[in-house]
Amino acid sequence: MTLYDCRTEAGRAAGLAAAAATIRAGGLVVLPTDTVYGISADAFDPAAVRALLAAKGRGRAMPPPVLVGEPEQLAKLAPAAPPVAHALADRYWPGGLTIVVPHAPELTWDIGDTGGTVGVRMPADEITLELLRQTGPLATSSANRTGVAPAATAAGARDQLGDAVATYLEAGASTGGVASTVLDLASSPPRLIRAGAVPAAELRGLLPDLTDSVSAS
């Protein structure tokens, strides 16, 4: 378990190199995002995703969303996503909106009991985007034990997750402090699964038939 201070040039370079190596080796990384800190694993490594869920203390019934480094990856992961998904990505990515869409059935991954869907987000954080460009899509959830408040720093995440995570990338206190809004476009009508960084009122302006439901972070 190593924490890298990415607020310095040397620390950022060393941290990104270590994080990329950790992901390739099937390990877990805590990283900054524009909302709260996240815990990440290679989305295409089932054992790593299982380790992520175990670190958080949750089961397969709560699969993690997937972070991408560019909007174009939405079409690769979810070619059947409705046009409104791409319109929302164009408007809110990079940013605090997670879009749940049907994933491509041929994807060789197992991120939990997804029912054939995946939540996808592109974060507005340069450190994490640089890592995503090296690793590809990362299964990512908030960096906390389930039922405990998400960590605002990598050091805070380390206090909760400890040795379950190999590499921590510290970038200071998260500026967002609020988890992403989660919008389910695989349902008809679309559902607001979790209120968050993007106001629900804005989404209702684009999706007048949007309904609400409740989810744990």
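Student: What does F44 count as at 30% relative accessibility, and why?

Tutor: F44 counts as partly exposed, because its 30% relative accessibility falls between the 20% limit for buried and the 50% limit for exposed. Bear in mind that this is a predicted model.

Student: How about W109, is that one buried or exposed?

Tutor: W109 has a relative accessible area of 12%. Buried means under 20%, so W109 is buried.

Student: How many aromatic pairs does a search of the whole structure find?

Tutor: The search turns up 1 aromatic pair. Its partners are the rings of F44 and W109, with centres 5.4 Å apart and planes at 25°.

Student: What makes that a pair, and why is it called stacked?

Tutor: Take the distance, then the angle. The ring centres of F44 and W109 are 5.4 Å apart, and rings pair if their centres lie within 6.5 Å. The planes are at 25°, and planes under 30 degrees apart count as stacked. Therefore the F44 and W109 pair is stacked.

Student: Which parts does the pair tie together?

Tutor: F44 sits in the loop between β3 (38–42) and α2 (46–56), while W109 sits in the loop between β5 (97–102) and β6 (117–121). So the pair ties together parts that are 65 residues apart in sequence.

Student: Zooming out, how do you know whether the radius of gyration agrees with a compact globule?

Tutor: For 217 residues, a compact globule would come out near 17 Å, and the protein has 16 Å, so the value agrees. The C-alpha trace spans about 45 × 35 × 30 Å along its principal axes. As for burial, 51% of the 217 residues count as buried. The secondary structure comes to 7 helices and 11 strands.

Student: Among contacts between residues at least 6 apart in sequence, what share joins residues at least 24 apart?

Tutor: That share is 62%. L97, in strand β5, gives a local picture. Leaving out residues up to four places away in sequence, L97 touches a list that includes L88, V120, T181 and L203.

Student: Which peptide bond involving P94 is cis, and what is its omega?

Tutor: The bond from W93 to P94 is cis, with omega near -10°. P94 is in the loop between α4 (83–92) and β5. Another cis peptide bond joins S188 and P189, with omega about 0°.

Student: Where does P189 lie?

Tutor: P189 is in the loop between β9 (181–184) and β10 (191–194). Setting aside neighbours within four places in sequence, P189 is in contact with D209 and T211. L207 is 18 residues from P189 in sequence, with 9.1 Å from C-alpha to C-alpha.

Student: What does P189 count as at 34% relative accessibility, and why?

Tutor: The 34% relative accessibility of P189 is between the 20% and 50% cut-offs, so P189 counts as partly exposed.

Key. Residues numbered from 1 in each chain as written. Predicted model: local features only at pLDDT ≥ 70, side-chain atom pairs only at ≥ 80, totals over all residues. Heavy atoms only, no water. Phe/Tyr/Trp six-rings, centres within 6.5 Å; stacked < 30°, edge-to-face > 60°. Helix = DSSP H or I, 4+ residues; strand = E, 2+ residues; numbered from the N terminus. Buried < 20%, exposed > 50% of the residue type's maximum accessible area, 1.4 Å probe, protein only. Rg over C-alpha atoms; globule rule 2.2 N^0.38 Å. Contact = heavy atoms within 4.5 Å.
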